[in-house]
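Here is a friendly walk through one protein model, piece by piece. Please keep the sequence and the 3D view open while you read.

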Amino acid sequence: RVVNGALELQRTAKVIGASLEAAPVVYLDTAATVGGMDAAELADLCITSGLTISLGDAPAGAFRLDDVPGVAVVFASATGDKCERCWKILPDVGHHAHAGTCARCDTALS
């Protein structure tokens, strides 16, 4: 919910049109948990092209929800090109046997 809230602010401001244009940084304090998921799994759950998990204090201005303590999000744009199969924006798109795909999609198509 915190990631989606942060992304919705960017959609409203017309910074992004879709969540796959984002690669946010999620800050967790020591008490917060993401249910044992790693960053790639959480990115898939949040429907973003990437996501970084950082433990510790979030910078001032990070997006927070009062009812979700210990979690804050800083928006970052995804970098790279759009995969023609999964639509994620990743830096490795176009560098595989199947043109226009990311590594994960290239493996799936092989």
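## R11 and its helix

R11 is partly exposed, with a relative accessible area of 25%; here buried means under 20% relative accessible area, exposed means over 50%, and partly exposed is in between, using a 1.4 Å probe and protein chains only. R11 lies in helix α1. Helices (H or I, at least four residues) and strands (E, at least two) are DSSP runs, numbered from the N terminus. R11 touches I16, G17 and S19, not counting residues up to four places away in sequence; a contact means heavy atoms within 4.5 Å. E41 is 30 residues from R11 in sequence, and the two are 23 Å apart in space, C-alpha to C-alpha.

This is a predicted model, where local features need pLDDT of at least 70 and side-chain atom pairs count only at pLDDT 80 or more, while totals for chains, interfaces and linings use all residues. Residues are numbered from 1 along each chain as its sequence is written, and side-chain values use heavy atoms, with hydrogens and water left out.

## The buried side of α1

Which residues of helix α1 are buried? Helix α1 covers residues 2-12, and its buried residues are V2, V3, G5, A6, L7 and Q10. The buried residues of α1 pack against β1 (25-28), α2 (39-46) and β3 (71-74).

D66 is 64 residues from V2 in sequence, yet the C-alpha atoms of D66 and V2 are 9.8 Å apart in space. D66 lies in the loop between β2 and β3 and is exposed, with a relative accessible area of 82%.

## The nonpolar core

A nonpolar core is a set of buried Ala, Val, Leu, Ile, Met, Phe, Trp, Tyr and Cys residues joined through side-chain atoms within 4.5 Å. The largest nonpolar core has 16 residues, and V2, V3, V26, L51, V71 and V73 touch the most other members. Two or more residues of this core come from each of α1, β1, α2 and β3. The largest share, four residues, comes from α1.

Four bridges join β1 to β2, which run parallel, and the bridge partner of Y27 in β2 is S54. β1 and β3 also pair over four bridges, in the antiparallel sense. Here the β3 partner of V26 is V73, and the β3 partner of L28 is V71. Both faces of β1 are covered: V25 and Y27 on one side and V26 and L28 on the other are all buried. In a regular strand the side chains alternate between the two faces of the sheet.

## Loops with positive phi

K14 follows α1 and sits in the loop between α1 and β1. K14 is not a glycine, although its phi is positive, about 65°. Is K14 buried or exposed? K14 is exposed, with a relative accessible area of 72%.

I47 belongs to the loop between α2 and β2. Phi of I47 is near 55°, a positive value in a residue other than glycine.

## A charge over a ring

Finally, look at K82 and W87. The charged end of K82 sits over the ring of W87, 4.4 Å from its centre. A charge counts as sitting over a ring if NZ of Lys or CZ of Arg is within 6 Å of the ring centre and within 35 degrees of the ring normal.

Terms used
Two strands pair if DSSP finds at least two bridges between them.
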